[in-house]
2 protein chains.
Amino acid sequence: MHRLLDDLMLKELDNNILREKKDSAILKIGNRKIAFTTDSYVVSPIFFPGGDIGSLAVYGTVNDLAVCGAKPLFISLGLIIEEGLDKFILEKIIKSVKGAAINADVEVVTGDTKVVEKGSCDKIFINTSGIGEIYYDGLSAECIKIGDKVIASGPLGDHAISVLSKREGIQFGTTVRSDSAPLNGLIRKILKASRKVRFMRDPTRGGLGTTLNEIAGGRNFGISLDERAIPVREGVRQASELLGIDPLYLACEGRVIVIAAREYEGRALSVMRRDKYGKMAKCIGEVSADHKGRVYMKTSGGGKRPLEMLSGEQLPRIC
Amino acid sequence: MHRLLDDLMLKELDNNILREKKDSAILKIGNRKIAFTTDSYVVSPIFFPGGDIGSLAVYGTVNDLAVCGAKPLFISLGLIIEEGLDKFILEKIIKSVKGAAINADVEVVTGDTKVVEKGSCDKIFINTSGIGEIYYDGLSAECIKIGDKVIASGPLGDHAISVLSKREGIQFGTTVRSDSAPLNGLIRKILKASRKVRFMRDPTRGGLGTTLNEIAGGRNFGISLDERAIPVREGVRQASELLGIDPLYLACEGRVIVIAAREYEGRALSVMRRDKYGKMAKCIGEVSADHKGRVYMKTSGGGKRPLEMLSGEQLPRIC
């Protein structure tokens with residue numbers, strides 16, 4: 001259904017800005033360039049280990065701006081609330097929005113609230129849109145060159161497993177906490193350290209597998225990953241096995257995938273590892289001349305397998 | 001519940017921009033001023049005489065920008081869709097968004113879609129956020145002076161009655177069609193014709209009564225209306241009587257209330273009446289030194305009565 005929708009939107013609302021399919025639209029206002037993005041959050045449950053729908057809605061939009069080289073400035077907050085939702089739950093969510101806005105150094109400047117009858121929405125849905133000012137221009141998948149390095153800022157899949165475990169009531173040895181976090185500070189440090197960053201993306205919907213396939217798809221290069229290098233927590237690995245899902249397709253909400261020039265790898269990693277949201281950053285692969293348009297993985301067993309676009313439906317209501 | 005929410009949002013997210021409680025936040029990007037606004041649309045039914053949730057979502061946000069003296073430029077589109085919603089309905093709504101964006105001369109530049117399980121939302125909810133560039137600075141309720149004129153761009157309550165009649169399955173002699181329309185063109189003409197416009201607002205949630213009370217509330221002037229001058233269609237009057245509601249509290253989605261200097265009244269009316277969305281514009285009252293902070297109405301019977309803030313809940317899911 002998601003693909004159907006994306007196709008429908010692109011076909012009907014066709015314009016140059018939408019066609020770029022970036023996390024944010026890049027727009028000109030006077031002589032300034034701004035980034036503009038929107039996301040609705042329907043996560044269930046609304047509270048999960050490491051976060052809740054309020055902070056998630058702020059960080060998600062902040063990160064969509066940040067990966068485009070923008071400094072996130074202003075956030076809008078649209079709430080759709082089911083009649084009868086406990087006042088204390090609502091207060092907790094609004095407080096979480098406030099705390100997240102402070103953490104991410106953005107201001108919530110405009111808002112809207114709609115209340116619908118019981119049964120017409122599931123507790124609360126939140127839309128945030130955001131405006132940021134571009135300070136690093138030119139991040140684009142078009143700039144990626146063969147030999148570039150692919151870096152992940154931290155372990156993958158924590159967010160999705162945190163939400164899924166809570167929702168399904170599954171208990172593991174250790175609780176996996178969502179990685180939901182504002183990445184604008186980390187990203188600014190990376191971009192300040194070098195002009196050799198080609199492209200960035202936060203691996204949210206569809207996780208690393210989907211993100212990298214979208215980057216390589218239709219382009220004149222392939223991406224080769226090293227499975228042993230990809231950071232996945234033990235708890236996420238165990239939960240994924242139990243749930244029969246591949247952790248490489250699980251949504252993160254506080255990770256960024258950075259593609260940078262080969263010679264910048266060491267510097268990028270050291271900058272990232274000094275930031276609290278990049279401590280476990282790792283180089284996970286590189287851009288290759290082989291298998292153009294596709295993603296391949298050197299498996300830990302020594303073999304090689306393609307990492308395809310996820311077939312079938314994505315997990316519902318993870319964000 | 002709405003008031004509770006507004007209070008909660010203001011208390012927690014307190015900042016100078018939110019506190020102004022305008023239809024849009026006015027922000028600075030470089031040396032330009034922009035307006036930024038958000039609205040979620042949960043109207044039920046999603047198709048009604050004169051409009052649908054798609055065009056409503058575009059025009060509503062366009063109008064919130066326009067009444068702040070901004071030229072609406074960019075719109076975001078966030079869809080929350082109930083699983084299984086008919087593809088043709090969805091296509092019809094997206095086409096309506098597209099048509100509305102063309103009519104209003106704005107671009108839909110970024111979007112997001114979330115699908116939730118059957119029963120977790122009622123068909124489709126749409127959030128639109130918008131960015132406009134301020135071209136007429138200084139519209140503010142603070143600028144209103146005693147003696148200023150209050151002008152309505154057209155008949156009141158058409159939108160709410162159109163939605164309510166469809167929802168309740170009520171038939172009248174004539175079908176009332178929603179007034180949902182983009183007002184940026186009309187508003188630009190009004191503002192171009194004179195620098196003597198003080199303030200504007202589109203009487204959406206809570207209609208004329210709520211809008212005027214919000215303008216006068218806590219201020220050093222009152223507003224005196226002339227009931228006989230207030231344009232209300234016969235069909236709206238009849239339906240309101242049948243439903244036991246006051247048309248002066250019914251939401252419009254294509255009307256603007258203009259407060260302008262007394263000497264500009266004639267010019268404003270003639271400019272408005274030449275535009276297709278202002279043909280039935282009328283002066284409905286004036287700003288008075290009496291009953292400060294309140295709205296009074298000279299009734300058609302020759303008496304005088306206060307038009308208070310609406311007590312009790314507003315009609316649900318009108319927009």
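Buried means under 20% relative accessible area, exposed means over 50%, and partly exposed lies in between (1.4 Å probe, protein chains only). By that rule B:Asp148 is buried, at a relative accessible area of 2%.

This is a predicted model, in which local features need pLDDT of at least 70 and side-chain atom pairs count only at pLDDT 80 or more, while totals for chains, interfaces and linings use all residues. Residues are numbered from 1 along each chain as its sequence is written, chains are lettered from A and ligands numbered from 1 in the order in which they are written, and side-chain values use heavy atoms, without hydrogens and water.

## Around B:Asp148

B:Asp148 sits in the loop between β7 (124-134) and β8 of chain B. Strands (E, at least two residues) and helices (H or I, at least four) are DSSP runs, numbered from the N terminus. The B:Asp148 side chain reaches the backbone nitrogen of B:Lys145 at 2.7 Å. A polar contact of 2.9 Å also joins the side chains of B:Asp148 and B:Arg198. A polar contact is a pair of N or O atoms within 3.5 Å; within protein, one must be able to donate a hydrogen and the other to accept it, and residues adjacent in sequence count only if both atoms are side-chain atoms.

Leaving out residues up to four places away in sequence, B:Asp148 touches a set of residues including B:Cys143, B:Ile259, B:Arg262 and B:Glu286. Contact here means heavy atoms within 4.5 Å.

## Salt bridges

Side chains of opposite charge can pair when their charged atoms come close. A salt bridge is a side-chain nitrogen of Lys or Arg within 4 Å of a carboxyl oxygen of Asp or Glu. The whole structure holds 47 of them over all chains.

| A:Glu168 | A:Arg167 | 3.8 Å |

B:Glu286 is partly exposed at 26%, whereas B:Lys149 is buried at 11%.

B:Glu308 lies in the segment after β14 (304-306) and B:Arg294 in the loop between β12 and β13 (295-298) of chain B, so the pair ties together parts that are 14 residues apart in sequence. B:Glu308 is partly exposed at 37%, and B:Arg294 is partly exposed at 33%. Elsewhere, salt bridges that share partners join A:Glu117, B:Asp122, B:Lys123 and B:Arg317 into one network.

In chain A, A:Glu168 is partly exposed at 46%.

## Chain A against chain B

The size of an interface is often given as the accessible area lost when the parts come together. Chains A and B bury about 6,100 Å² between them, 70% of it on carbon and sulfur atoms. Buried area is the accessible area (1.4 Å probe) that two parts lose on being put together, summed over both. In chain A, A:Glu12, A:Ile29 and A:Phe36 lose the most area to chain B, together 10% of what that side buries.

The contact involves 71 residues of chain A and 70 residues of chain B. Between the two chains there are 5 salt bridges. There are also 17 residue pairs in polar contact between them, both residues at pLDDT 80 or more.
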